[in-house]
Amino acid sequence: REKHLKRISDTVLTLTNLLNEFLSIGKLEEGKIVPKKENFHLPDLIREVVSGMQSQAQDGKSIHFQQDGVSSIDLDKELIRNILLNLLSNALKFSNPQGVVHVTATRNEKKELQIRVKDEGLGISEEDQVHLFERFFRGRNADNIQGTGLGLHIVERYISLMNGTIEIDSALNKGTTVTITFPEK
């Protein structure tokens with residue numbers, strides 16, 4: 001019975017995530033998502049998201065968070081939450097069993113906010129990297145892993161709405177590092 005309940009719960013979660021992605025795409029295309037800046041303590045938000053995602057991690061995977069020089073910021077808290085949820089979900093999904101996902105929040109030499117999510121998983125081929133932010137694109141090595149190909153497209157749009165940038169550094173079988181940078185006020 002527990003096995004069937006878990007399967008039903010996982011299916012409901014998958015369908016909910018799918019619907020949310022399609023709703024986000026529609027709202028983005030209609031210009032209905034406008035960032036609402038608010039001051040909040042970023043490390044607390046990241047810890048909250050990490051805690052929630054850690055409870056969903058399987059196969060002994062774990063998430064480690066580290067911050068340096070980052071406290072309160074003025075960005076859209078819900079957009080940041082959604083970005084983190086997507087990136088951590090991807091990092092866990094594409095990590096090896098017992099893999100560790102590293103999340104860091106720092107200020108770079110220009111005092112810009114940088115959030116990094118690094119995994120030690122499948123990685124992304126150079127050929128696929130140029131298409132990562134396209135709607136419905138899925139890497140060739142991710143065919144057997146559940147997903148819609150919408151997540152990074154939405155993440156990139158959210159980041160650009162807040163005048164940020166996203167950069168992905170990856171190599172096959174060596175993992176992926178996603179770096180988000182937001183300019184100083």
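The model is predicted, so local features require pLDDT of at least 70 and side-chain atom pairs count only at pLDDT 80 or more, while totals for chains, interfaces and linings use all residues. Residues are numbered from 1 along each chain as its sequence is written, and side-chain values use heavy atoms, with hydrogens and water left out.

**Exercise 1.** Determine how many salt bridges a search of the whole structure finds.

*Solution.* The criterion is a side-chain nitrogen of Lys or Arg within 4 Å of a carboxyl oxygen of Asp or Glu.

**Exercise 2.** Locate the salt bridge of Arg47 and Asp44 and classify the exposure of both residues.

*Solution.* Step 1: the N to O distance between the two side chains is 3.4 Å. Step 2: Arg47 and Asp44 both belong to helix α2 (residues 42–54), three residues apart; helices are DSSP runs (H or I, at least four residues) numbered from the N terminus. Step 3: buried means under 20% relative accessible area, exposed over 50%, and partly exposed in between (1.4 Å probe, protein chains only). Arg47, at 42%, is partly exposed, and Asp44, at 45%, is partly exposed.

**Exercise 3.** Identify the residues that are linked with Arg81 in a network of salt bridges.

*Solution.* Step 1: Glu48 pairs with Arg81, with the closest N and O atoms 2.4 Å apart. Glu48 lies in helix α2 and Arg81 in helix α3 (residues 77–93), so this pair ties together parts 33 residues apart in sequence. Step 2: Glu78 also meets Arg81 in a salt bridge, at 3.1 Å from N to O. Step 3: Glu48, Glu78 and Arg81 are therefore linked in a network. Arg81 is buried at 16% relative accessible area, whereas Glu48 is partly exposed at 46%.

Definitions and conventions: Helices (H or I, at least four residues) and strands (E, at least two) are DSSP runs, numbered from the N terminus.
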